[in-house]
Amino acid sequence: MRLRRFFRPFLLTMLAAAMLCSLALPASASVLQTGSRPFNDVVRNSWYYNYVYSAYDQGVFAGLDNHTFGTQTSMTRGMMVTVLYGMAGKPEAKTSVPFTDVEPSRYYAGPVAWAYKNGIVQGLSETVFAPDMNISREQTALILEKYAASNGINLTFRKDLKDFEDAGDVSDWAEEALRWAVENKIMAGKGKDLLKPADTSTRAEMATMLMAYRVRYQNGKVNDYNPYLYTDSVLQGYSTARNDYWFGTNYDGKNRPSESVRFQSVYGDKFNTLAVGSADYKTIYLTFDEGYENGYTSAILDTLKKKNVRAVFFVTLPYVKENPQLVQRMIREGHVVGSHSSAHPSDGMQSLGLNGAKSDLEQVQNEVRNRFGYEMTLFRFPAGIYSEQMLALCKSMGLRSVFWSFAHADWDPASQPARASSLQKLKERLHPGAVYLLHAVSATNTAILGDFIDYAQSQGYYFQLITNE
């Protein structure tokens with residue numbers, strides 16, 4: 001592998017560019033509301049669409065102006081440090097820097113001082129930082145790795161780059177950083193087998209990498225995905241016995257199903273599952289299972305939008321392929337899209353065997369990633385059938401297994417429960433940390449959803465999204 005000069009300076013350029021945009025916004029741009037989609041150059045259904053708007057909604061990036069994001073605009077070293085500085089919470093930075101080209105009045109002066117103090121960046125020389133120089137993909141990986149290290153992140157896990165045709169083009173100083181970035185799904189290849197390490201990072205690419213970083217290292221800690229802790233030999237050691245989940249008919253003093261509470265205590269920490277949330281907060285997690293489309297999802301989304309409530313939609317592979325516009329809408333409107341498997345095996349995921357189950361999960365993850373640029377982090381077992389081995393497999397693949405603490409007989413379109421009694425049942429079973437499972441094929445659920453949301457909120461409950469932690 002060849003050694004390139006001036007590698008450290010280039011690294012910073014890319015990330016800093018993103019932050020520059022948010023600091024250099026015209027005053028009029030501040031009136032744009034979170035959740036709006038104002039940029040004419042952000043192409044719907046492109047690989048970067050959701051990453052760009054996630055970064056925009058979270059305040060990491062802003063546009064070059066009110067209607068231009070600059071997806072293909074190159075990142076610079078000054079921009080990259082500024083973005084990282086913002087992600088770090090804009091800590092006080094009084095350290096002086098030796099760089100004569102970093103003027104104190106420029107937007108990147110404080111960020112450069114902070115990054116230099118924390119060992120995240122160095123100059124091209126002792127006195128030159130080159131804040132306006134474009135930054136390459138391999139330089140971006142290196143600076144992100146240094147940023148992660150400054151936050152105490154474990155950087156042990158790295159991928160061999162031998163599968164990339166241009167692995168020989170990677171600079172020696174960047175190899176370990178790229179191995180880390182690829183293994184942890186922060187950077188992907190360009191095309192099928194190319195890394196393109198010397199290519200300049202664009203703003204769209206930077207938004208994608210930064211959002212991937214945030215998913216991987218949520219709240220400053222590693223999102224519990226570590227394939228090396230779950231090798232095939234380790235997974236083979238878990239029980240393959242079939243278990244049929246149900247929340248039962250007994251309830252504790254806070255109206256929480258006792259079986260859901262037991263399940264959560266046994267598997268919650270061990271396999272990062274969720275069956276019921278904390279008893280201390282009046283939280284509701286609203287989830288919908290989407291095996292196929294029955295004509296009601298648009299109305300459900302309309303109601304959720306009207307009530308300003310977000311939910312999780314668990315989709316199968318056929319659903320994704322047959323209803324891309326609905327899935328795109330779910331993502332665009334701030335809902336979480338989780339996996340409900342590819343084949344929805346009636347005898348449970350464990351009936352596919354370890355390799356078959358892994359392949360099934362990868363198919364729906366890859367389809368959603370490639371089609372929408374969206375990373376799935378939640379999974380719901382078909383029919384609630386699970387084994388400990390399947391729970392471990394999901395955790396190994398970065399998927400949180402979500403069960404439920406309320407469900408009713410709503411899944412058969414030809415035999416729908418009465419609306420009044422169903423609404424009453426949803427009301428009666430309210431409890432702190434409730435995970436409601438509703439099937440989106442249900443005419444009854446669609447009709448009573450708005451009334452249920454109103455009632456729950458009138459009782460002091462609030463609706464919250466499920467995260468992978």
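Buried means under 20% relative accessible area, exposed means over 50%, and partly exposed is in between (1.4 Å probe, protein chains only).

**Ground rules.** I'm looking at a predicted model, where local features need pLDDT of at least 70, side-chain atom pairs count only at pLDDT 80 or more, and totals for chains, interfaces and linings use all residues. Residues are numbered from 1 along each chain as its sequence is written, and side-chain values use heavy atoms, with hydrogens and water left out.

**Salt bridges.** I looked these up as a side-chain nitrogen of Lys or Arg within 4 Å of a carboxyl oxygen of Asp or Glu. The structure has 15 of them.

**Glu367 and Arg371.** Their side chains form a salt bridge at 2.9 Å, N to O. I found both in helix H13 (residues 353-372), four residues apart, about one turn of the helix. Helices here are DSSP runs (H or I, at least four residues), numbered from the N terminus. Arg371 is partly exposed at 29%, while Glu367 is buried at 18%.

**Asp454 and Lys307.** This salt bridge comes out at 3.0 Å, N to O. Asp454 is in helix H16 (residues 443-458) and Lys307 in helix H10, so the pair ties together parts 147 residues apart in sequence. I noted Asp454 as partly exposed at 36% and Lys307 as partly exposed at 23%.

**Thr297.** Helix H10 (residues 297-307) also holds Thr297. Thr297 is buried, with 0% relative accessibility. Leaving out residues up to four places away in sequence, its contacts (heavy atoms within 4.5 Å) include Glu290, Phe313 and Ala440.

**One network.** Last, I saw Glu145, Arg158, Glu176 and Arg179 linked by salt bridges.

Note on methods
Helix = DSSP H or I, 4+ residues; strand = E, 2+ residues; numbered from the N terminus.
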